[in-house]
Amino acid sequence: MSRPRAQGFTLIEVMVVVAIVAILAAIAIPAYTEYVQRGRRAEAKTALHQIAQWQERRRTETNAYATALPAGMASVSSGGTVTYTITVDTVAAPYRLVAARAGPMAADPCGDLTLTGLGVRGNVNGTRGWQECWAR
């Protein structure tokens, strides 16, 4: 009579699987985080362009740009969380819109996105150049 063969995984097999999962997670998590940040950045850029169009319509109607935004335009939200707060800087001529990072976007390397009344795009307080941040 032969003894039944033991079934299961050896410690080495389990360690190899754990190592493979850890390597995949180390690659996937930063890529996913960048993907989510890029999507939120796109929402902020869209909001800046819409506000710039609103400013131009307002100037056509009242012969002046707004110095403050209505409450509905002053922030960008994603999933109920504010990701950017938008302000109007009237020191720059004719105006400059600033989308300041908030909440989960606070550590975004692109910094705060800017758009002037002349259509000049930029960013401040970031470690990446404006070209890279506005291109995607």
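Threonine 83 touches Arg40, Val76, Ser77, Ser78, Ala100, Arg101, Ala102, Pro104 and Met105, residues up to four places away in sequence not being counted; contact here means heavy atoms within 4.5 Å. The model is a predicted one, in which local features need pLDDT of at least 70 and side-chain atom pairs count only at pLDDT 80 or more, while totals for chains, interfaces and linings use all residues. Residues are numbered from 1 along each chain as its sequence is written, and side-chain values use heavy atoms, with hydrogens and water left out.

Threonine 83 is found in strand β2 (residues 81–89). Helices (H or I, at least four residues) and strands (E, at least two) are DSSP runs, numbered from the N terminus. At 0% relative accessibility, threonine 83 counts as buried; the term buried stands for under 20% relative accessible area, exposed for over 50%, and partly exposed for values in between (1.4 Å probe, protein chains only). A separation of 9.3 Å lies between the C-alpha atoms of threonine 83 and alanine 99, which are 16 residues apart along the chain.

Strand β4 (residues 112–116) pairs with strand β5 (residues 121–124) in the antiparallel sense, over four bridges. Two strands are taken to pair if DSSP finds at least two bridges between them. Within this pairing, leucine 115 stands opposite arginine 121 in β5. The hairpin of β4 and β5 has four residues between the strands, and glycine 119 in this hairpin takes a positive phi near 85 degrees.

Positive phi values also occur at two asparagines. Most residues other than glycine have a negative phi, and most peptide bonds are trans. Asparagine 63, in the loop between α1 and β1 (75–78), has a phi near 65 degrees, a positive value in a residue other than glycine. Asparagine 125 lies in the loop between β5 and α2 and has a positive phi of about 60 degrees although it is not a glycine. Asparagine 63 counts as exposed at 64% relative accessibility, and asparagine 125 counts as exposed at 59%.

A disulfide is a covalent bond between the sulfur atoms of two cysteines. In the model, a disulfide is assigned to a pair of cysteine sulfur atoms within 2.5 Å, and the count by this rule comes to one. The disulfide joins cysteine 110 to cysteine 133, with an S to S distance of 2.0 Å. Cysteine 110 lies in the loop between β3 (96–101) and β4, and cysteine 133 in helix α2 (residues 130–135), so the pair ties together parts that are 23 residues apart in sequence. The link of cysteine 110 and cysteine 133 is left-handed, with -95 degrees about the S-S bond. Both cysteine 110 and cysteine 133 are buried.

Salt bridges were assigned where a side-chain nitrogen of Lys or Arg is within 4 Å of a carboxyl oxygen of Asp or Glu; by this rule the count comes to six. In one of them, aspartate 108 is bridged to arginine 41, the closest N and O atoms being 3.0 Å apart. This pair links distant parts of the chain, with aspartate 108 in the loop between β3 and β4 and arginine 41 in helix α1, 67 residues apart. Both aspartate 108 and arginine 41 are buried.

Another salt bridge is formed by the side chains of arginine 96 and aspartate 89 (3.5 Å, N to O). Arginine 96 is partly exposed, with a relative accessible area of 24%, and aspartate 89 is partly exposed at 22% relative accessibility. Arginine 128 forms a salt bridge with glutamate 132, for which the closest N and O atoms are 3.7 Å apart. Arginine 128 counts as partly exposed at 22% relative accessibility, as does glutamate 132 with a relative accessible area of 35%. Salt bridges that share partners join Glu34, Arg41, Asp108, Arg128 and Glu132 into one network.
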